[in-house]
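This note sets out some remarks on the helix packing and on the pocket of the model shown below. Please read the points alongside the structure.

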Amino acid sequence: MQELAHNHLSRDDQFELTVRQATTELVQMYAALSRDTESSNTMRDHCRKFCVLYSALECRSPYKKLWRMKPKVHMLQELAEMGVNGSNPSLFWTYRDEDVGGSIARLARRRGGANTAFSTAQSTLDRFVTNNPVPRL
């Protein structure tokens, strides 16, 4: 991601330069999630810089839908700030749970018929059963 930003975005355009800087901070922030990182403050510092740059992109972007502050940015900042007491932020990462929620939402999507709690639950379970093999015990 950082390589793409640095290869394709201009240093002469202020907006593109800000995107490049935000990308660098994001990559360094993710690198700080490693359990080998010496200081939990590393992720916090890069996250703060990323959030400031992202906010600037939101304010100055001609593409308002692409650069708007979303709740996940606030959650990211909270996660980074939680690691200040010496705990590694990777211990609080929740994307696996969110991924499961997205998978269930895709299974539950209705394409017609009754839209009740029972019918949605039944079709979700039916789709899950047909998409996954029976486990061997």
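1. The crossing of α2 and α3 is left-handed. The model is a predicted one, and the remarks that follow should be read as describing that prediction.

2. Two packed helices are described by the angle between their axes and by the distance between those axes. For α2 and α3, the angle is about 155° and the axes lie 8 Å apart. Because angles over 145 degrees count as roughly antiparallel, α2 is roughly antiparallel to α3.

3. Which residues form the contact of these two helices? On the α2 side they are Phe-15, Thr-18, Val-19, Gln-21, Ala-22, Glu-25, Leu-26, Gln-28 and Met-29. Their partners in α3 are Met-43, His-46, Cys-47, Lys-49, Phe-50, Leu-53, Leu-57 and Arg-60. Sorted by class, this contact of α2 with α3 comprises ten nonpolar, four polar and three charged residues.

4. The largest pocket has a volume of about 250 Å³. Its lining consists of 15 residues, of which Leu-26, Phe-50, Tyr-54, Val-73 and Leu-76 are the closest to the centre of the pocket.

5. Which elements give two or more residues to the lining of the largest pocket? They are α2 (14–31), α3 (41–60) and α4 (71–82). Of the elements, α2 gives the most, with six residues.

Terms used:
Residues are numbered from 1 along each chain as its sequence is written. This is a predicted model: local features need pLDDT of at least 70, side-chain atom pairs count only at pLDDT 80 or more; totals for chains, interfaces and linings use all residues. Side-chain values use heavy atoms; hydrogens and water are left out. On a 1 Å grid over the protein atoms alone, a cavity is a set of points where a 1.4 Å probe fits but cannot get out, and a pocket is an open set with protein on both sides within 12 Å along at least five of seven lines; lining residues have an atom within 4 Å of a point. Grid points are joined across faces, edges and corners, and a volume is the space filled by probe spheres set on the points. Helices (H or I, at least four residues) and strands (E, at least two) are DSSP runs, numbered from the N terminus. Axes are lines fitted to C-alpha atoms, for helices over the stretch in contact, and angles run from 0 to 180 degrees between N-to-C directions. Angles under 35 degrees count as roughly parallel, over 145 as roughly antiparallel, 65 to 115 as roughly perpendicular and the rest as oblique. A crossing is left-handed if the near helix is turned anticlockwise from the far one by less than a right angle, and right-handed if clockwise. Contact means heavy atoms within 4.5 Å. Ala, Val, Leu, Ile, Met, Phe, Trp, Tyr, Cys and Pro count as nonpolar, Asp, Glu, Lys and Arg as charged, and the others, Gly among them, as polar.
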